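Subject: Structure handover

Hello,

The structure and its sequence are below, for you to take over.

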Amino acid sequence: MATPGRLVSRLAVVTGGGSGIGRAVCQRLASEGASVVVADLNEASANETLKSLPRDLRGQAHMATAADVASKESVKTLLTSIQARYFQPPSVCVNAAGITLDNFLLDMEEDDFDKVVQVNLKGSFLVVQAVAQALVASGATKGSLITVGSIVGKVGNIGQVNYAASKAGVEGVTRTAAKELARWLHFRFGIRCNCVLPGFISTPMTDTVPEKVISKMKALIPLGRMGEAAEVADVCAFLASDDARYITGASLEVTGGLFMG
Ligand code: NAP
């Protein structure tokens, strides 16, 4: 459930904001009062998300833009355009962009391994680095950077060697960023970094999973159903807010209990 007003005066950027979890995050952050920058590889879908957002409470318009998280140049352009429009860096960042290219280990093409790592892992690094650099340069004393990993990064998954490796790496990026950005030598940056680990969430990414596999997965989930994108968005909004002010370097599972313990 949204907490109205909790994120008023926050500027947030959400990558992968044109679909699934990213779109739900944009909607939740906006409904709590944040100004939201919807960024996605697909500009048309980013614009669709933009149209669905409630007005932000400060009267600052939200914006949508194309951005490729796997390209340093594109991420840099994203940050430049945000600062040109709002005269400040985003204090909240949710990096939800991600892809899958599944195959069994024995058949996985090197190119498919590289592509998934490029978007999921390198993309997380580029986005976290760029937003952190902009925050530090602006003298900001607080910020909340949220990465989207996966429970698969912890436990592995048949047919997802590339995806599991990339998502395990996302947790490493997040924990290291959390240590460096909380304070560094005698500087105190106050930037929190946390990772959300969704389990099996109903989005366009999982729409292609065969019904047989879905039934098997559901049987393994203690809460007995797939999650909804809005349920991951709830956790992101919490992490973005001051309610999570003493949480950094954490990985929060949103799995309905799948693979607990
Ligand atoms: P989704 O509906 O496919 O959304 C992913 C979005 O990311 C799409 O709009 C996609 O654009 C965009 N994207 C892909 N590559 C990009 C790039 N290089 N730069 C910018 N945007 C890019 O998937 P989702 O289920 O919401 O997944 C969101 C995140 O949650 C991903 O990181 C995913 O790995 C993670 N996750 C999902 C689940 C799940 O069960 N759904 C579970 C664990 C973790 P296009 O449509 O143009 O490709």
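Predicted model: local features only at pLDDT ≥ 70, side-chain atom pairs only at ≥ 80, totals over all residues.

R175 is partly exposed at 41% relative accessible area (buried means under 20%, exposed over 50%, partly exposed in between, with a 1.4 Å probe and protein chains only). Its salt-bridge partner is E171, with N and O 3.4 Å apart (a salt bridge is a side-chain nitrogen of Lys or Arg within 4 Å of a carboxyl oxygen of Asp or Glu). E171 itself is buried, at 5%.

Residues are numbered from 1 along each chain as its sequence is written, and side-chain values use heavy atoms, leaving out hydrogens and water.

Other salt bridges

The salt-bridge count is 10. Side chains of opposite charge can pair when their charged atoms come close. D243 pairs with R6, the closest N and O atoms being 2.8 Å apart. Because D243 is in the loop between α9 and β11 and R6 is in the segment before β1 (11–15), this bridge ties together parts 237 residues apart in sequence. D243 has a relative accessible area of 46% and is partly exposed.

E253 forms a salt bridge with K154, where the closest N and O atoms are 3.3 Å apart. Here strand β11 holds E253 and helix α5 holds K154, so the tied parts are 99 residues apart in sequence. Both are partly exposed: E253 has a relative accessible area of 36%, and K154 one of 46%.

Helices (H or I, at least four residues) and strands (E, at least two) are DSSP runs, numbered from the N terminus. α6 has 22 residues, and its first and last C-alpha atoms are 32 Å apart, close to the expected 32 Å (the expected span is 1.5 Å times one less than the number of residues). Its buried residues include Y163, K167, V170 and E171.

α9 (residues 229–240) has 12 residues and reaches 16 Å from first C-alpha to last, close to the 16 Å expected. Among its buried residues are V232, V235, C236 and L239. In the loop between α9 and β11 sits Y246, which is exposed at 83% relative accessibility. The C-alpha of Y246 is 8.6 Å from that of R192, although the two are 54 residues apart along the chain.

The ligand

Which residues come nearest to the ligand? Out of 28 residues around the ligand, they are S19, I21, D40, Y163 and T203 (near means that a heavy atom of the residue lies within 4 Å).

- An N or O atom in the side chain of S19 lies 2.6 Å from a ligand oxygen.
- A polar backbone atom of V69 lies 3.0 Å from a ligand nitrogen.
- An N or O atom in the side chain of Y163 lies 2.5 Å from a ligand oxygen.

On its own the ligand has 890 Å² of accessible area, of which the protein covers 88% (areas come from the Shrake-Rupley method with a 1.4 Å probe; for residues, only the protein chains shown count as cover). At least two residues of the shell come from each of α1 (20–31), α6 (161–182) and α7 (204–207). The largest share, three residues, is from α7.

Two further sites

S150 is in the loop between β5 (143–148) and α5 (152–155), and is buried at 3% relative accessibility. A polar atom of the S150 side chain is 3.0 Å from the backbone nitrogen of V152.

V155, L220 and F259 make a nonpolar surface patch of about 270 Å² (patches are made of residues with over 30% relative accessible area and no salt bridge; like charges are joined within 9 Å, and nonpolar side chains, that is Val, Leu, Ile, Met, Phe, Trp and Tyr, within 5 Å). F259 is in the segment after β11 (251–254) and is partly exposed, at 39%.

Regards

How values were computed: Polar contact = N/O pair within 3.5 Å; in protein donor to acceptor, adjacent residues only side chain to side chain.
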